[in-house]
Amino acid sequence: MSIEIANESGVNVDETSIVSAARFALDKMEVSPLAELSILLVTLEVMEDLHERWMDLPGPTDVMAFPMDELDSSRRPDAPDASPALLGDIVLCPAFAKDQAKTAGHALIDELHLLTTHGVLHLLGYDHAEPAEEREMFGLQKRILGEFQAAVAAVNRRDAQRTADDRLLGTAGLDTVPADEPPA
């Protein structure tokens, strides 16, 4: 799966983490590994222009999704003429999301993970214009985000334990193998 990210927003964010959230959501939705996705982070002014041009709505917004190709789920990825499916573009506005994060009581990166997941679901055809659609999409979004956060927490716990183990081994002098001895 190819995910390109470009930060033109002027806001310093963990781009790798945003890509991880997108990849996690796409994996959970069983999207073909041949899929291609683009994520663009923009300024308030650029987002306002896109929002007015494409949605005919005033002012900036937090996320917009621009789908490209329809995925052909019936075709096997190893078919001879398989080619990457262009899912489309997700456009995020960190400056807009910053206020939403503050109101929600969480970090900006958490809001960007939510918006990335939201954008992925839009690219896959989910919408929230009707109450039933909203329940389905937001329920799925909540489940995916919860699983992503749990996976990140598990990795962080494992890394913290490794660091503690390495420190303990170093204190005991067991962190290095003498050059003339083969590793165990």
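Predicted model: local features only at pLDDT ≥ 70, side-chain atom pairs only at ≥ 80, totals over all residues.
**Stop one: an aromatic pair**

Select W54 and F66. Their rings form an aromatic pair, arranged edge-to-face. The centres are 5.9 Å apart, and the planes make an angle of 75 degrees. That angle is over 60 degrees, so the pair counts as edge-to-face. Now colour helix 2 (residues 44–55) and strand 3 (residues 63–67). W54 lies in helix 2 and F66 in strand 3, so the pair ties together parts that are 12 residues apart in sequence. Is W54 buried or exposed? W54 counts as exposed, at 53% relative accessibility. In total, the model has two aromatic pairs.

**Stop two: H113**

Move on to helix 4 (residues 108–123), and select H113 there. At 7% relative accessibility, H113 counts as buried.

**Stop three: helix 3**

Select helix 3 (residues 94–104). Pick out P94, A97 and A101, which are buried. Look down the helix axis. What do they pack against? Show strand 2 (36–41), strand 4 (86–92) and helix 4: the buried residues of helix 3 pack against these. Turn to the other side of helix 3, where D99, K102 and T103 are exposed. Finish at G105, which follows helix 3 and has a positive phi, near 80 degrees.

Terms used. Residues numbered from 1 in each chain as written. Heavy atoms only, no water. Phe/Tyr/Trp six-rings, centres within 6.5 Å; stacked < 30°, edge-to-face > 60°. Helix = DSSP H or I, 4+ residues; strand = E, 2+ residues; numbered from the N terminus. Buried < 20%, exposed > 50% of the residue type's maximum accessible area, 1.4 Å probe, protein only. Contact = heavy atoms within 4.5 Å.
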